[in-house]
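Hello,

Here is the structure I promised to pass on. My notes follow below it.

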Amino acid sequence: MENKFYTVDQVAEMLKIHPKTVRKYVREGKLRGTKVGKQWRVTGHDLSLFMEGEENIVPENFHEVTHDYSVSDNKSNNTNDKISVSTVIDIVVKNRDEVDRISNTLVAVMNSKDPEYGNSTINIQYIEKTHKLRVMLWGTIYFTETLLNCISVLTDNND
């Protein structure tokens, strides 16, 4: 396993876990990976180190729901496209209905495909173990501001 690079799918197959779980481990720093283009690669050495600490693997009853949405059919030279913003928002939620309400609303806003959004992306994860909805935004200032305002409105009524 020394100098070989493995894809997320190959690692998932070797560890008998879902590829999304492998990506999660990479994002969280539990498994070291290198981004090659848009794909993650894991060296044999890093995979060996991870497997030695296999007791840290999240139990099978752990549930993670991930949604990725992107608006990229716009090729404008808008000033907003010259500045890229990324942010991660963790929202403590009471139940699955609240997760669905917030997620569906954010997806609907994203699907409006406002030209000001430019090449923007949203990733939504529900981490059931901690009752958190994690929203990750990448894109223009306008897109980020719009989604943050939307999240603020959606969470103000939670008390």
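Helices α1 and α2 are roughly perpendicular to each other (an angle of 65 to 115 degrees). Their axes, lines fitted to C-alpha atoms over the stretch in contact, with angles from 0 to 180 degrees between N-to-C directions, come within 8 Å and cross at roughly 105°. α1 covers residues 8–15 and α2 covers residues 19–28. Helices here are DSSP runs (H or I, at least four residues), and strands are too (E, at least two), numbered from the N terminus.

This is a predicted model, where local features need pLDDT of at least 70, side-chain atom pairs count only at pLDDT 80 or more, and totals for chains, interfaces and linings use all residues. Residues are numbered from 1 along each chain as its sequence is written, and side-chain values use heavy atoms, without hydrogens and water.

In α1, Val8, Asp9, Val11 and Ala12 meet Pro19, Val22 and Arg23 of α2 (contact: heavy atoms within 4.5 Å).

Valine 107 sits in α4 (residues 96–111). Valine 107 counts as buried at 12% relative accessibility (buried is under 20% relative accessible area, exposed over 50%, partly exposed in between, with a 1.4 Å probe and protein chains only). Its C-alpha lies 8.3 Å from that of isoleucine 122.

Best wishes

Technical notes. Parallel < 35°, antiparallel > 145°, perpendicular 65-115°, else oblique.
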